[in-house]
Amino acid sequence: DPFASSEGEVPSAAARSGATGRASRQPQYSSALEALHTVYGYDAFRGDQAAIIDQVVEGGDAVVLMPTGGGKSLCYQVPALVREGTGLVVSPLIALMQDQVDALRANGVRAAYLNSTLTAPERVEVERQYVAGELDLLYVAPERLSLQTTRDLLARGTLSVIAIDEAHCVSQWGHDFRPDYLALGDLGEQFPGVPRLALTATATRETHREITERLRMPSAQHFVSSFDRPNIQYRIDPKVDARKQLLSFIRSQPAGSAGIVYALSRKSVDQTAQFLAKQGIDAIAYHAGLDAEVRAAHQSRFLREDGVVVVATIAFGMGIDKPDVRFVAHIDLPKSVEGYYQETGRAGRDGEPAVAWMAYGLGDVVQQRRMIQQSDGDRLFQARKQQHLDAMLALCETVVCRRQNLLAYFGQESAPCGNCDTCLTPPETWDGLVAAQKLMSTIVRLQRERNQSFGAGHLIDILRGKETERTRRFGHDQLSTWGLGQDLSEQDWRSVIRQLLARSLLAPQGEWNTLAVTESSAGVLRGDTPVPLRKDTIGRADKPARARKATASDALGDEDRQLFEKLRAWRSGVAREQGVPAYVVFADA
Ligand code: ADP
Ligand code: MG
Ligand code: ZN
């Protein structure tokens, strides 16, 4: 180690580790409550905190599932202050580690961290302090714990508790998987008698089980907090023009509301921020492509000033602790319910009313399905991603309470909330079977008879009998479904297609994202699969649903009727027994 000899010349290391001169293994506080009052200045524990801290102080293991902002840090910091020895905290985010250690030192706690940002002499000093029993808390990056040298070091001091924060990183199927977390499973064997805590804000049953198994905590007590954030109002609108809708959403919020707008790409972030700024909103952009100084400046404006709207990629927000964010808006679809929950959870941490608003449309489904199809990774991995997306889509298309749907995803039962768009303005549903059949038979006919496939726009033109250069060029006005879908508006058709895609009754295919039928489509064409659809209404929670002309497909035209008579006749026919998919017969009819 080239720096080892220069150890004595680096006083900053000692300053960084917050040594206060007390070199004692004895705990600083005699009770958890005393630590809470003295160190943090809080009056009382919240939720499960007291029970969790009791369990750990008594020497037991705990698995803690608590939403973001719930107060997980105290659950391991307080036991570390009350028990003899140093609390080891495994934390994956270097920036968060630094923030926490700074905050603890400001409150007189002897805390330090070991990660790649330390110089060698600084590291050596932290190690010395740990062995000498001069630290209450030691934060360590997970990759360090895979090293035998780190394990040896830890064995030379006294551990009071072992906390594994963001424990869902152990889950191979989650989006935050960290291989180094797998190596944490044997900490219990290396340090028997030291209580362990695993903490996460991800609460699916599957992740919960994986954490318990992989971190080998069979005798842990489990603490599952409610994931409900009752002050957040959930709203999801069909996307027509995302930016315009976003603007009117922001304008409908109290003036001076701080908010975060999430978009998928950097380009979209920049353009949206510019658009909002031009409209007089105090909007700034945040993404990894900006200079570090610009990013830091924007972040600090958001934290310090009132009413700033940050337009950002999902890179923004990890560890941002701003209590009075009044809204979180998504103009693109999140990839999973976990992601959506985490991002929307940054709103209203102060408990005051806040809104989680999203615009979601056909293009989002097509794009995300395609991204999964084109992603690297084996089929099982893709299937998992597909499941995550499907759960997110189910939340978008649900006709029952959004919160109920969201909490059910985290294994929590609840009653309709009264504070989401579907509760405030229950959506109407309609029977979309015939519409789906018209669309699917158009797709099948084009495929079978002409070996052609098209995207949503052109298919809608055919169904609505709209003459365009393309329909003329391809002679698509000769198709038997030409003009059969005039009972629905273009926007209605987009809603139909979006919902069929969301349920995998259609799939995007090929380079151009054209639409194809799936195995499940046959059931629809046969008329066996019911297709209840949600009627789209924009701005549900703002105003009562607009009165609308009946757009249901019950008014069939003559041509229509003939066509579907044939389909019905077929249903009782022999083809079915032979297992021939309906659309094949239908296309030949
Ligand atoms: P998590 O890690 O679960 O997201 P944190 O531990 O970062 O949450 O805590 C979130 C916020 O709540 C912090 O500002 C923290 O100081 C505050 N907090 C935690 N416990 C209490 C309490 N008992 N009383 C008041 N504030 C608390
Ligand atoms: Mg935390
Ligand atoms: Zn509700």
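The questions and answers that follow concern a predicted model.

Q: In what order do the six strands of the open sheet lie?
A: The open sheet is built with parallel pairing. Strand S8 (232-238) and strand S10 (283-286) are its edge strands, each pairing on one side only, and neighbouring strands are turned by 20° against each other on average, direction ignored. Read across the sheet, the order is S8-S13-S12-S9-S11-S10.

Q: Over how many bridges do S8 and strand S13 pair?
A: Strand S13 covers residues 354-360 and runs alongside S8 in the parallel sense. Within this pairing, Gln 233 stands opposite Val 355 in S13. The number of bridges between S8 and S13 is seven.

Q: At what angle to S10 does helix H12 run?
A: Helix H12 is formed by residues 266-278 and lies across strand S9 (258-262), S10 and strand S11 (309-312). S10 is one of the edge strands of the six-stranded sheet. Relative to S10, the angle of H12 is about 170°.

Q: Are the faces of strand S2 covered or uncovered?
A: In a regular strand the side chains alternate between the two faces of the sheet, so each face has to be considered separately. In strand S2 (residues 86-90), Thr 86, Leu 88 and Val 90 are buried on one side, and Gly 87 and Val 89 are buried on the other. With five of its five residues buried, S2 has both faces covered.

Q: Which residue of S4 stands opposite Leu 88?
A: S2 pairs in the parallel sense with strand S5 (residues 159-164) over five bridges, and there Val 89 stands opposite Ala 163. S2 also pairs with strand S4 (residues 137-140) in the parallel sense, over four bridges. In S4, the residue opposite Leu 88 is Leu 138.

Q: Which elements do the buried residues of helix H20 pack against?
A: Helix H20 (residues 456-463) is mostly covered, with seven of its eight residues buried. The buried residues are Ala 456, His 458, Leu 459, Ile 460, Asp 461, Ile 462 and Leu 463, and just after the helix Gly 465 takes a positive phi of about 60°. The packing partners of the buried residues are helix H15 (362-374), H19, helix H21 (469-474), H22 and strand S16 (514-517).

Q: Which helix gives the most to the shell around ligand 1?
A: Of the 13 residues around ligand 1, Tyr 42, Arg 46, Gly 71, Lys 72 and Ser 73 come nearest. The shell divides into four nonpolar, six polar and three charged residues. With three residues, the element that gives the most is helix H4 (residues 72-82).

Definitions and conventions:
Residues numbered from 1 in each chain as written. Chains lettered and ligands numbered in written order. Predicted model: local features only at pLDDT ≥ 70, side-chain atom pairs only at ≥ 80, totals over all residues. Pairing = 2+ DSSP bridges. Helix = DSSP H or I, 4+ residues; strand = E, 2+ residues; numbered from the N terminus. Axes fitted to C-alpha atoms, helices over the stretch in contact; angles between N-to-C directions. Contact = placed C-beta atoms within 7 Å. Near = placed C-beta within 6 Å. Nonpolar A, V, L, I, M, F, W, Y, C, P; charged D, E, K, R; others polar. Buried ≥ 20, exposed ≤ 12 C-beta atoms within 10 Å, placed from the backbone.
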